Amino acid sequence: MEARAGLVAGSHNRNELVVIHGHEERKPLKPLNGQDCQICGDPVGVTTEGELFVACNECGFPVCRPCYEYERREGNQCCPQCNTRYKRLKGSPRVEGDEDEEDIDDIEHEFNLEAQQRDRQQSTNGIDHENPQLVHNPGLPPLLPKGHSVVSGEIPASYYPESHLLAKLAHPYPGSEPGSARITIDPNKDIGAYGYGNVAWKERLDGWKSKENKSGQLQMTDGKYQNGGIPPNEAEDFDQEKPMMDEARQPLSRKVPIPSSKINPYRMVIVIRLIVLGFFLRYRILNPVRNAFGLWLTSVICEIWFAISWILDQFPKWFPINRETYLDRLSLRYEREGEPSMLAPVDLFVSTVDPLKEPPLVTANTVLSILAVDYPVDKVSCYISDDGASMLTFESLSETSEFARKWVPFCKKFNIEPRAPEMYFSEKIDYLKDKVQPTFVKERRAMKREYEEFKVRINALVAKALKVPKEGWIMQDGTPWPGNNTRDHPGILQVFLGHGGGLDTDGNELPRLVYVSREKRTGFQHHKKAGAMNALVRVSAVLTNAPFMLNLDCDHYINNSKAVKEAMCFMMDPKVGRKVCYVQFPQRFDGIDRNDRYANRNTVFFDINMKGLDGIQGPVYVGTGCVFRRYALYGYEPPRGQKRPKMVTCDCCPCCGPRKRTGKSSKKTAAGIPAPAYNPDGIEEGLDAFDEDKALLMSQSDFEKRFGQSSAFIQSTLMENGGVPHTADPAELLKEAIHVISCGYEDKTEWGKELGWIYGSVTEDILTGFKMHCRGWRSIYCMPKLAAFKGSAPINLSDRLNQVLRWALGSVEIFLSRHCPIWYGYGHLKWLERLAYINTIVYPLTSLPLIAYCTLPAICLLTGKFIMPSISLFASFFFISLFLAIFITGILEMRWSGVSIEEWWRNEQFWVIGGVSAHFFAVIQGLLKVLAGIDTNFTVTAKATDDGDFGELYAFKWTTLLIPPTTLLIINLVGVVAGFSDAISNGYQSWGPLFGKFFFAFWVIVHLYPFLKGLMGRQNRTPTIVVIWSILLASIFSLLWVRVNPFVVKVKGPDLKQCGINC
């Protein structure tokens, strides 16, 4: 599909397809059925096969063969309509520039093969007619079998590894039919011995051999070099290139274990803490408090749950590791000078919903950083999912694509970091550092002016979008915007940049940029973000079909332009990458206040927990900044190890004969198969190319039940290395792209159940990663020195709590579903990884004992009771040891991870704040949703655009999440005052028991202190409504407590010791 194809809107279910050209002011494409040449007026004519002659496969502009030949020989060699260079067609002579094409050669017309028909017929003896194929000889240029298409220019054939070309592909002789004879050509003999006396053939063959030897693509087998060896006259050159070749063979990454001097003491303290915790709980259980049994029992239950929660969180951090990548080795192996890049193509996904909560300028910066990424432009495709079908997002993306023509060459010329213009121009650093070009200052000033003008245009679009006209939005050509009804609209597709229409100001090609808005209709379940991501997976498979995908939130821009290459160091590593389903990067944020009051950076999770998981089976998927293997998202299992060679038997003995596979085991084996070459003749023929030992033959109906009704998408799933055919019709691609984003496409398929992003939770990221780990895949945690991605975080207290509420609600949904890690996925998931996943779904339940435990200090101070009896000197040893173990564990954890003590303490504080507010409400909402069917609305977190003065930090936004922690603060402060007053009135002897109660209450108040500061705001004033509600609840609770007083032992009858009556 070309960038000039226009806006496409349609519905597969309603059989509608509309192409709108006027909005982009592009010339419409000419139909392919024209019979007259648009240059000379003569009939176009047909080919030798009887098909209509098509000179340009890109736009189909009608040109006859004589005009086509003349234009290639005497003209500019380009199509008059789309200005695309004419490719050499079958039977056409070569002209200057054809040697740069990667298409197959027309051997049939270039050499006189008819004269050798007799020799070919005489050489049929000894040929296996059941498998009439020749293994590709390294001494000859690679040939493709008849019926197979060359991989398109977006995914060049040079991408396939050499081992795949030598071991997997078997090429029939050109021009032959299946079942005909083949001959084996020995490259050591003179080619004339076979009748090929063409001098051009010898020259091309010699040139091809020398190019192969110079490229250094050699394989070592049993100590001998293959691929024809090294000529003696090139031995000296090879000795000079040998160190570089050895470096290219080295691993692209390595594990860096934590030094034993740091990790071993950490593990020892964990074991000691576990032992001490066991003795502590034993003492607490065996020593109840008789006069306050209810308080004691509540506290013991809470402490047991805290111990279980600590075990689930602590032991998955037993094997933390770091990793290093080697980008220079990646370049030596896959980016050789003078040759096409063999790096794998990547499709990048950006999702957005509401442009008023997710400002278009933020999304535009993310898109610009993607288009300027340090990666081959023909390997990068950016897809924007607009799930709100907003014309504001569409027009903003159109402006962004125009500005990208200036911004991208500027970034690559001066090696700009970061490549999001808003962040680059706002950085307070010396931008002249390491810049040596004299024109840099002048061009930077000009680019900054261009960006400011771009911002003004975006702001104008936003201002216009605030006033929605009654008749709906109208495009420039007078056509109504297809997405005026955001809940009922057709699928919308627009290619802004890319093949045939994306050049920057320097004339260089830009990456493909595609706008996608999936179809929505009333009565259909659309599954929010997970459904939008699955739509992107399918539409990208139809248009580009890259083997790897990177997904980003609209506010997460690429901070390190080499981030994609960092991920490829793992994905394309021959030893490591085959079983890696995704590479997860840590989340880093801009615009956070210096003290990080609400732990927005979350460094304890990203720098401690995720490193620990990387040493087991890999980190969890956290929703953004993740590079996926497309093959893993299709529900397949990872490839297995190399099989043993088969025994040659007569199959008469059941002990020695081949074992029959059951259906279940066959499916597991098929999950790790390499996909066959693309066969446009049909799915059944493509399946025949599978190796019977590695593949499960599935009928077309089975594929449709699994992947859906799109034949183009099903055929793309058979290509493990990706790519689309050269001969694909753009009109058909458009039709299939609209089809796969239709609202009913996923009905009666496995999408959302076993394929793609998994449905059933608002935190689809955790569930999707969990399913892949259960199939046996592993993931990688990549932490480059320069943060790969950066985003924005909600620094406002209410927004932060709402964000945590959504995460916790998703965990509760998973806990109450069939995908709960406690009972799902046994077989491939390692037990420490399982503990980590269990911790990610049960942590909201900790809110119940946490609220009870934070209430106990106030109760003890108000009633004069305590949760512990008077302890002896020996018992106090366990208490002191437990506190020391907790303290030392935190110190050693910070020591090996590099997390600062301030970050660690902020995380501890917000664990309490979120636990008594957002997590508690998440448990209630989760139970209501699962048990009562009461659904809650998905709230998009607002992305701030101006963080200069941290105004959002002090803004107050009312939410019911503020009530529980405020109530806990008030009752604990009231308890401290009451206890202090009681101690003063009762004398010196009451201060000793009061010390433990004060410490308990002080622990609660200190952890809630950031919340208290958030309530006060910039002017240190708490809103009246919060004060009224909190005082009211605290008063009701206190009066109820005095009336009931359940934890005080009640005495029946008179107290004999006080009254003195002797009965």
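**Exercise 1. Determine how helix α7 and helix α8 pack, and which residues of α7 meet α8.**

Solution. Step 1: in this predicted model, helix α7 (residues 260–286) and helix α8 (residues 293–314) have axes 11 Å apart and pack at an angle of about 160 degrees. Axes are lines fitted to C-alpha atoms, for helices over the stretch in contact, with angles running from 0 to 180 degrees between N-to-C directions. Helices (H or I, at least four residues) and strands (E, at least two) are DSSP runs numbered from the N terminus.

Step 2: α7 is therefore roughly antiparallel to α8. Angles under 35 degrees count as roughly parallel, over 145 as roughly antiparallel, 65 to 115 as roughly perpendicular and the rest as oblique.

Step 3: in α7, the residues that meet α8 are Tyr266, Ile270, Arg273, Leu274, Leu277, Phe280, Leu281, Arg284 and Ile285; their counterparts in α8 include Trp296, Trp310 and Gln314. Contact means heavy atoms within 4.5 Å. The residues of this contact comprise 13 nonpolar, two polar and three charged. Ala, Val, Leu, Ile, Met, Phe, Trp, Tyr, Cys and Pro count as nonpolar, Asp, Glu, Lys and Arg as charged, and the others, Gly among them, as polar.

Residues are numbered from 1 along each chain as its sequence is written. Local features need pLDDT of at least 70, side-chain atom pairs count only at pLDDT 80 or more, totals for chains, interfaces and linings use all residues, and side-chain values use heavy atoms, without hydrogens and water.

**Exercise 2. Classify the crossing of α24 and α29 by angle.**

Solution. Step 1: the axes of α24 (residues 797–815) and α29 (residues 918–932) cross at roughly 45 degrees and come within 8 Å. Step 2: the two helices are therefore oblique to each other. Step 3: their contact divides into 10 nonpolar, three polar and two charged residues.

**Exercise 3. State the strand order of the open sheet and identify the strands at its edges.**

Solution. Step 1: three strands, in the order β14-β19-β16, form the open sheet, with mixed pairing. Two strands pair if DSSP finds at least two bridges between them. Step 2: β14 (557–558) and β16 (588–590) each have a single partner strand, so one side of each lacks a neighbour in the sheet. Step 3: β14 and β19 (residues 789–792) run antiparallel and are joined by two bridges; Ile558 stands opposite Phe789 in β19.

**Exercise 4. Report the average pLDDT of the protein.**

Solution. The average pLDDT (the predictor's confidence in each residue, from 0 to 100) is 76, and 70% of the residues score at least 70.
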